[in-house]
Amino acid sequence: MKIAVTVNGERYERDVEPRTLLAYFLREDLGLTGTHVGCDSSSCGCCVVAMDGDRAVKSCTMFAVQADGHEITTVEGLEQGGKLHPLQQAFWDQHGLQCGYCTPGMLMTSYVLLKHQPAPNEAEIREAIAGNLCRCTGYQNIVKAIQQASTELAAEPAAAAVGS
Amino acid sequence: MDPGIIGQSLARIEGPLKVTGTAAYTSDHTKERVAYAVPVGSTIANGRIAALNISKAREMPGIVEIYHRGNVGALYKPSPEAGAIDEARPPFADDVIRYYGQYVALVVAETFEDATAAASVVDVVYADVAAPNVELQLVADDEPAEVSRRGDPEAAYDASPIKIDRTYITPAETHNPIELHASLATYDDDGFTLYETTQAIVNHRNVVSEILNVPRENVRIVMKFLGSGFGGKLWPWSHGTLAAAAARNLGRPVKLVVTRKQMFQTVGHRARTQQRVRMSAQRNGSLTSLRHEAVNDAGMLDEYDENCGEATPHFYGTSNLLVTGGQTRRNIGSPTAMRGPGAVPGLFATESAYDELAIELGLDPVQLRLQNEPTRDQSLDVPFSSRHYAECLTVGAEKFGWSLRSPAIGSMRKDGSILGWGMSGCSWLAARFAAEARVELHADGSARVAIGTQDIGTGTYTVLAQLVAETTGIPIGRITVELGDTRLPPGPTSGGSMVTASVIPAVLEAARAAMKSAIGLATTLERQPFKGWSPEDLNFQSGKIVARNGASGKQIDYHEVLQNASVAMVSGGGKAASTFGEEHPKRSSHSYGAHFLEIAWQPEIARLRVNRVVTVIDAGRIVNPRAALNQIEGAVVMGVGMALLEEAHYDPRTGAPINSNLADYIVATNADTPRMDVTFLDYPDTKLNELGARGVGEIGLAGMASAIASAVYHATGVRVRTLPIDIEKLL
Ligand code: FES
Ligand code: FES
């Protein structure tokens, strides 16, 4: 099937099989391997991408054809003009990662969270990332990182918008 | 040495790659003409393959080849000298099925989707199918081995007024790193290049070269970023062998990613253990004997010793002690090391028993531990290199507010919950693996450190850069770290929390050799400040060459020296021997710690959670406190999961691990995270290496489950001796 998807601001027209999952389309067809796959039961969240800027979707539970006509933002699209997005900077600063495998999904989930709730409290942050597993960090620093980014974004709101 | 970088909480140097999605994990690598492999696993656990019908799968679109016993080609069992592997039988070696999920065929196709679809129609006909042995009760098949003995524990036990005799059980647990195991294998005139999810590239090369029967030189292992392993990725597993065999046979690259379900079947798990602990004491609390007898399960073909008594002989002060270990075979995939192997399940048993003994004695558990603290390692009869366990206990008790504990069961309440306060000690070995390293100083002012070890997420990239920065005074931003490739000097396995301790001597020696070379060069250069000087009179400081006495006031940047000499770089090598498994060590080297924690129990709604944890760790000098803190916090949360949630269940009819996904095998999520307060004592263990750093990857998990079980007892009066502590056990 022919689809046209905009990924990180770039439009791709591709022929895909109907059974191809969005995660594999991103990774194998577009070479965007920042989106990870950690399970096949929709449980880990390391495949999360943003759809149309304001929806966090697990790209392992969606077919590529369902993304036809939509805009997808992946972790590769967060950096703007060679500058890390405040969330990326905060995950780095706050040791919000160890092995880093869960990080892209955590980043994209929090990216969408901060779009809807620019100043979430700790409980809201924990609720938002409830579908993202991290086996390394114990989560504490991930929560701190999202708090840091939220504070920073409040100071410079323009940085929140990506790829639109 | 320019002090200051060691001990700083630097952010990880590889952080930018990880937050931008550009860090390449094993399955992110790709190659021209890559084919995709999907293994087919058996759906029985005990029997044999009578026939493999692959004709239907062959007709499926995109099929490249289907491998099985008849066509996979030669694969050998590695010799014991090659290195470590838990399942030594090569895949497809015979038609006997010994565990559920054992690979019986490999489908290779043009796309992952094609391979998956065809794998689902491979039809396996089984014969001699028998009920699998997945019996939970563990009795050693052979006489258990005596691991440690001193005094006369049997007589001391019989003669003591206070005794306890209890059995503790820890279940099979799966590692579940978020990254799936994967291999990308290529084969050409130079041999094999294998991208592997491994915690031990050097061991991997040595073992796999024997399986494939090619010289070591013809196998290169690459692993730049690992999505964690927790022990599950230490040693080679059969999927990697299959990917390599397929690449060899086809002459094209083959990628294989193990599914989450297969990760419950074929890449190891923490062995189930059953441990009998007998302790006796005088009425004053003096520990008169300790017997710790453990049995763990193993696969049908390979030995697996969980070594539950890993910490017991040195940790407990008593003149009479016995530690034994036995194994019993089951129709399960081989167990393997999981974070804190041996000590973690072992300490659950012995520390729980210690808590039970304290209650028998009417003594505070902290007091009992302090009272029996040994002054030397009584099993080896050698001094401790650095043991500050007592201080872990007293500092932890103080920070937690332990003195406010009222010992009566259910006597502490808050906000409608019953609170339970529990504590436990922990210990983990400290040793070094052999390591070699190379450090280069470049004419552009940068430095490079190269070592064939790996960063499994713990911060090794950053630690290596810190070591070079500290030694040379070159700013951290100008240091490149290269690891994760067997073409580099052989470095340590990322296991046993030993990487940091292991790389220190080799990297420091290499950096010093490179500095010495730069100094030597400075004394040969015409029209330069140190022409004709003796190298002994010169020093390398903050990236500059200076006169040792400082009197002349002369100095020159090392990179200017290199530029003036028209050399691109100077370099040095370093090498340090292993201290791991020494037969007659002169000292007993371990890390220590204590957890104090509070649980809240709400019987009306059957809700149990861990509220807060205070942890104090004595792990020598800490190279990067934030990274180390993160290791302990992660381990504490994993400990909450171990205590309350984690257990792999095997179906007694089929032998299948039934909760083989992340929805049914529950790991701790952020909702389970307690408040954590972690303190490191600062006692450098300079007997282990010059900086005095030990390791922090595993110790934080040890003792967590026993502290939680003790707190649960304090709240509910129910002593849970079989993990996990699920709610049903409390009702
Ligand atoms: S890969 Fe696990 S939820 Fe998508
Ligand atoms: S950092 Fe390893 S899974 Fe989160």
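Student: How far apart do the C-alpha centres of domain 1 and domain 2 of chain A lie?
Tutor: They lie 21 Å apart, with bounds from an automatic or database domain assignment. Domain 1 of chain A covers 2-76, and domain 2 of chain A covers 86-158. This is a predicted model, where local features need pLDDT of at least 70, side-chain atom pairs count only at pLDDT 80 or more, and totals for chains, interfaces and linings use all residues. Residues are numbered from 1 along each chain as its sequence is written, while chains are lettered from A and ligands numbered from 1 in the order in which they are written.

Student: And how many residues of those two domains are in contact?
Tutor: 16 residues of domain 1 of chain A are in contact with 14 residues of domain 2 of chain A. Contact here is C-beta atoms, placed from the backbone, within 7 Å.

Student: Which strand gives the most on the domain 1 side?
Tutor: E3(A), with 3 residues. Strands E3 (48-51) and E4 (55-58) of chain A each supply at least two residues there. Helices (H or I, at least four residues) and strands (E, at least two) are DSSP runs, numbered from the N terminus.

Student: OK, switching to the two chains. How many residues are in contact there?
Tutor: 44 residues of chain A are in contact with 44 residues of chain B. On the chain A side, H1 (22-29), H2 (86-93), H3 (103-116) and H5 (140-155) each give two or more residues. H2(A) gives the most, with 4 residues. By class, the chain A side divides into 19 nonpolar, 16 polar and 9 charged.

Student: Now chain B. How many helices and strands?
Tutor: Chain B has 15 helices and 27 strands. Its radius of gyration, taken over C-alpha atoms, is compared with the globule rule, 2.2 Å times the number of residues to the power 0.38. The radius is 27 Å, close to the 27 Å the rule gives for 731 residues, so chain B is as compact as a globular protein of that length. Along the principal axes, its C-alpha atoms fill a box of roughly 85 × 70 × 50 Å.

Student: What order do the strands of the 7-strand open sheet take?
Tutor: The order is E3-E5-E1-E12-E9-E10-E11 in chain B, with mixed pairing; two strands pair if DSSP finds at least two bridges between them.

Student: Why do E3 and E11 of chain B each have one side without a neighbour in the sheet?
Tutor: Because E3 (63-67) and E11 (219-222) of chain B stand at the edges, each with a single partner strand.

Student: How do E1 and E12 of chain B run, parallel or antiparallel?
Tutor: Parallel: 3 bridges join E1 (residues 35-41) to E12 (residues 254-257) of chain B. B:Ala35 has B:Val254 as its bridge partner in E12(B).

Student: Last one: at what angle do the axes of H8 and H15 of chain B cross?
Tutor: Roughly 35 degrees, with the axes of H8 (residues 343-361) and H15 (residues 704-716) of chain B coming within 8 Å. Axes are lines fitted to C-alpha atoms, for helices over the stretch in contact, and angles run from 0 to 180 degrees between N-to-C directions. Residues making the contact include B:Leu347 and B:Phe348 of H8(B), and B:Ala705 and B:Ala709 of H15(B).

Definitions and conventions: Nonpolar A, V, L, I, M, F, W, Y, C, P; charged D, E, K, R; others polar.
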